[in-house]
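Me: I'd like to learn how to read a fold from its coordinates. Could you walk me through one?

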Amino acid sequence: MPLTRLFSSQSRQVFRSSSFGRWRTLGLVAFAAVPVVSVNRKEEEKAPLTHEMQMLEDSERELVARLEVSQDAPIWKRFFMRVALWLRKWITEPIATGFRFVHLVILFAPLILGIPLIFLGYRVKEKDNERLGALWWYAFLVKQMERAGPTFIKLGQWAASRTDIFPTQFCELMSKLHSNAAPHSLHATKRIITEAFHGMKFEDIFEEFHDKPLGVGAIAQVYKAKVRPDLRPPQADETDSFRDRFTPLIVQSPHKIPSDYVAIKVLHPGVEKTVGRDLRIMSFFARVINAIPTMEWLDLPNEVEKFGEMMHLQLDLRIEGVNLATFQENFRKRQTVAFPSPYQAYATREVLIEEFSQGVPLGLMLDIGGGAYEVEIADMGLDAFLHMLLLDNFIHSDLHPGNIMVRFFKPTTVYLTPKLWNRLFGPTPDPNAKSPAIEPIDDAVQRLMPLRHDKEAWNAELDRMYAEGYRPQLVFIDTGLVTELNDINRRNFLDLFKAIAEFDGHRAGVLMVERCRQPDAVLDPDVFALRMQNLVLAVKKRTFALGNIKIGDILNEVLSMVRTHHVRMEGDFVNVVISILLLEGIGRQLNPQLDLFKSALPMLREVGTQRGTMGGMMSDETSGMLTWLKVWVGLEFRSFLSTSVSEVEHLVAHDLIAPNI
């Protein structure tokens with residue numbers, strides 16, 4: 001499916017607009033430096049592509065088309081363009097890549113020489129029994145990768161998610177990587193934004209524009225601004241639905257009222273060229289390392305290719321805009337979760353404009369406390385993730401506290417059917433009268449943020465807000481990367497889930513070996529299957545106390561076994577596992593009694609009653625339905641027994657019944 005088909009009709013104009021289709025001679029030459037991921041897939045990887053990969057392929061084809069010299073151009077122009085492209089490809093770009101290689105050698109040579117330090121020093125029990133020398137080496141590697149630039153910062157962040165390959169402490173340190181990049185100039189920002197708005201003068205686009213970036217990342221930086229009213233896209237009419245026409249009142253949440261301010265993400269100029277050179281260097285060394293005996297199980301060339309896909313997904317900001325729109329559509333009926341609205345009419349490869357989201361960073365609430373909202377926020381976050389996983393097959397792949405905010409609002413009752421309401425309950429309030437408006441989100445933020453250094457005052461203020469009727473809402477940002485399981489991976493996921501749901505750990509282990517990337521490279525597959533069986537049986541013994549089981553601990557143990565036995569799992573599987581680890585870790589900080597399985601019950605009920613959704617989730621609908629029904633019934637039975645036991649204990653504790661001893 002072409003990328004343009006995945007956009008709304010409004011955003012399709014972006015592809016046809018002069019700003020997006022315009023090419024210049026220098027731009028064409030520059031794009032020659034960017035290697036694109038091969039559109040031709042291996043035969044064994046010809047599974048139906050996910051929407052995100054379809055967009056990536058269309059984006060790559062567009063780059064290739066930009067490099068083609070039009071046959072309608074004058075002969076002299078075609079000649080000079082071909083000469084320029086040839087010089088760039090075979091002379092200037094190889095020289096630039098060579099200089100980049102020398103720079104990287106200077107940065108990483110001390111690390112290579114320091115490899116023996118990994119085996120020195122005493123073991124630190126609190127750090128997974130890693131040696132002190134190894135911990136120092138990991139920290140030094142993080143510093144050097146920060147200095148190496150955007151590609152290596154993203155590489156470190158990607159490596160942090162691959163706990164199936166790398167040690168836990170290594171991944172933990174890599175997750176702390178942050179960009180030290182200097183912001184690019186305001187002049188470059190204005191030029192790029194002006195092109196996105198089809199050549200309009202910068203002063204005619206914004207009522208306000210904050211010159212200082214809100215944040216500077218590895219590949220882009222973000223500004224806050226206020227777009228002129230006549231340039232804002234029209235808002236969809238959300239009242240023309242069956243539910244709204246026949247519901248007397250609804251509780252309106254703030255995501256229905258767009259912010260006047262926008263966040264503008266702008267790619268760093270030249271970042272595509274830097275990433276392209278780095279990927280070529282990585283690919284070369286990956287092939288060298290892969291030729292070393294015993295190292296082939298890592299399959300580094302394939303990993304570099306996957307990493308290259310991830311980087312190119314982030315180098316086309318239109319894809320993030322489409323992801324935002326998809327999440328908004330998926331969660332449009334849920335008041336507890338919101339996503340910023342993208343301005344797709346002005347989205348280009350280098351610019352993304354979206355609604356500015358104001359809220360309290362979730363990290364602050366984890367550090368200071370969530371007051372009376374802790375349990376509710378934990379449940380809302382887990383509910384949102386399970387909705388992405390079980391119902392939508394569209395999962396935010398970067399769910400850390402920095403990408404989640406909490407905003408508070410006072411719900412407003414909105415009357416939609418005055419005649420019916422008047423007939424049943426009496427006169428309807430005057431629609432022209434001043435109704436109680438939604439409390440500005442900024443008000444809640446302004447009340448809380450000055451208290452962030454005083455834990456007691458912070459939690460006391462949250463309790464007051466709770467008593468005043470404020471409700472929380474989670475806002476997810478930075479949707480540049482998502483996880484979608486294609487048909488093959490979805491079937492594998494279903495089969496594995498079925499085996500675990502039936503407590504058949506041995507079968508689960510066999511499936512993981514058979515369907516991993518390199519079954520022949522697995523060490524002791526029978527032992528791996530037996531270890532999986534022992535783990536699942538240990539969980540089975542505590543089936544009715546799963547609230548006390550940390551799913552994260554179980555998954556970490558599975559990933560440890562995967563590393564030990566060289567079971568190479570698909571990246572999509574690992575992304576889902578990492579998301580579960582992150583979400584459970586965040587949730588248990590707020591609510592230690594968080595029960596993943598109990599939270600999954602509402603989703604399983606919805607899955608079990610929506611046959612159409614099930615057909616979209618799995619290839620074998622009948623088998624899939626029976627599996628989910630079995631899981632659903634089992635969890636319902638566990639919930640019933642757990643509730644019954646707790647009620648009996650409550651009655652005995654208050655002497656309302658006496659056990660017959």
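Me: What span should helix 11 have at 1.5 Å a residue, and how far apart are its end C-alpha atoms?

Reply: Before that, a word on the source: this is a predicted model, where local features need pLDDT of at least 70 and side-chain atom pairs count only at pLDDT 80 or more, while totals for chains, interfaces and linings use all residues. Residues are numbered from 1 along each chain as its sequence is written, and side-chain values use heavy atoms, with hydrogens and water left out. Now the idea: helices (H or I, at least four residues) and strands (E, at least two) are DSSP runs, numbered from the N terminus, and a helix's expected span is 1.5 Å times one less than its number of residues. Helix 11 covers residues 271-290, 20 residues, so it should span 28 Å; its end C-alpha atoms are 28 Å apart, which agrees.

Me: How do I read a sheet, and in what order do the four strands of the open sheet come?

Reply: Two strands pair if DSSP finds at least two bridges between them. Here the order is 8-14-12-10, with mixed pairing. Strand 8 (337-338) and strand 10 (360-361) are the edges, each pairing on one side only. Inside, strand 12 (residues 404-409) and strand 14 (residues 471-476) run antiparallel and are joined by six bridges. If you want a landmark, Arg-407 has Gln-473 in strand 14 as its bridge partner.

Me: Which strands does helix 15 lie across, and at what angle does it run to strand 14?

Reply: For angles, axes are lines fitted to C-alpha atoms, for helices over the stretch in contact, and values run from 0 to 180 degrees between N-to-C directions. Helix 15 (residues 374-392) lies across strand 8, strand 12 and strand 14, at about 40° to strand 14.

Me: How many salt bridges does the structure hold?

Reply: Count a salt bridge when a side-chain nitrogen of Lys or Arg is within 4 Å of a carboxyl oxygen of Asp or Glu. There are 20 of them. Take Glu-62 and Arg-318, whose side chains meet at 3.1 Å, N to O. Glu-62 sits in helix 4 (residues 51-67) and Arg-318 in helix 13 (residues 317-330), so the pair ties together parts 256 residues apart in sequence. Glu-62 is buried at 16% relative accessible area, and Arg-318 is buried at 1%.

Me: Are Arg-332 and Glu-329 buried or partly exposed?

Reply: Their side chains form a salt bridge too, at 2.9 Å, N to O. Arg-332 is partly exposed at 44% relative accessibility, and Glu-329 is partly exposed at 47%.

Me: Which side chain does Glu-461 join in a polar contact?

Reply: A polar contact is a pair of N or O atoms within 3.5 Å; within protein, one must be able to donate a hydrogen and the other to accept it, and residues adjacent in sequence count only if both atoms are side-chain atoms. For Glu-461 the partner is Arg-464, at 2.6 Å. Glu-461 is in helix 18 (residues 455-467) and is buried at 9% relative accessibility.

Key. Contact means heavy atoms within 4.5 Å. Buried means under 20% relative accessible area, exposed over 50%, partly exposed in between (1.4 Å probe, protein chains only).
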